[in-house]
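Take a look at the model below, then read on.

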Amino acid sequence: MRARKAVIPAAGLGTRFLPATKSSPKEMLPVVDKPAIQYVVEEAATAGLEDVLMVTGRGKRALEDHFDHAIELERQLAAAGKEDLLAAVRAVSQLAAVHYVRQGQPLGLGHAVGCARHHVGNEPFAVLLGDDLIGMEERLLSQMVELADRSARTVVAVMEFDDAELDRYGVIDGTPDPEQPGVYHVNDMIEKPGRANAPSNLCIIGRYVLTPDIFGHISRTKPGRGGEIQLTDAMRAQCAEEPIRAVRFDGARYDIGTKQDYLRATIEIAAQRPDLGPEFRDFLSDFVERL
């Protein structure tokens, strides 16, 4: 069965961006003129995943408001004849059927995904981490959905990282598929192993297409690093039964949970926009010359 639902864990506190996130969810931080979470939902919808479940927590009501209709705002924009803005506002609420469930305790990514069990049911589904933005022109998620459909196995996205970053990600032990360039058969994975214990430099990034048996593995997973239920540990149990798949990604990706990548995403996305790019690139050139 082809995946048709997406799960977006969005219960984190965003402490790296305090005080900006003191009263506003980190997922609502703007990247140019859209909140970061909107790019993620747009990516899911583009890949044909038009049923989206957000796993939220306290203080996340702004997410629900953003993807809901804003009747008063729409009425004012219509009365003012601001048709472009009206269309943009309405488009947000029409991206997907967005649902919400709360993660009562911050017990890790595996626990957050487990909260989606009743909504997802017995079918494959995608997981998109809101901190990871993928370039607007990339087809990573669509490729993963297609591979999961063909293989009937969980699929993860991986990128190659420097040795110094291997303590920040799950790292795979994989064998290249001889018939599919860029695809690996994953035999094992380790959560944040560091350079000394890493089986490779291929690190899991925030895109997954999971088969529904993952929920059973999550329920049997004991708390690991940091006292949290790690999704990596549950997928490791899947690997032990039969290799899962990984897709190597070399395109544009921004970890906007970090300030440096948040700034990079804002600048690069703005520079690529046809309505903003030409003037903004001129400004950047002048600015760099003045440095």
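A salt bridge is a side-chain nitrogen of Lys or Arg within 4 Å of a carboxyl oxygen of Asp or Glu. Searching the whole structure turns up 20 salt bridges. This is a predicted model, in which local features need pLDDT of at least 70 and side-chain atom pairs count only at pLDDT 80 or more, while totals for chains, interfaces and linings use all residues. Residues are numbered from 1 along each chain as its sequence is written, and side-chain values use heavy atoms, leaving out hydrogens and water.

**Salt bridges between distant parts of the chain**
- Arg4 pairs with Glu123, and their closest N and O atoms are 3.0 Å apart.
- This pair links distant parts of the chain, 119 residues apart: Arg4 is in the segment before strand 1 (5–9), and Glu123 is in the loop between helix 6 (117–120) and strand 6 (125–128).
- Helices (H or I, at least four residues) and strands (E, at least two) are DSSP runs, numbered from the N terminus.
- Glu123 is buried, with a relative accessible area of 9%, whereas Arg4 is partly exposed at 43%.
- Buried means under 20% relative accessible area, exposed over 50%, and partly exposed in between (1.4 Å probe, protein chains only).
- Lys60 forms a salt bridge with Glu27, with 2.8 Å between the closest N and O atoms.

**A salt bridge within one helix**
- Arg264 and Asp261 form a salt bridge, their closest N and O atoms being 3.2 Å apart.
- These two residues are separated by about one helical turn because they are three residues apart in helix 10 (residues 259–272).
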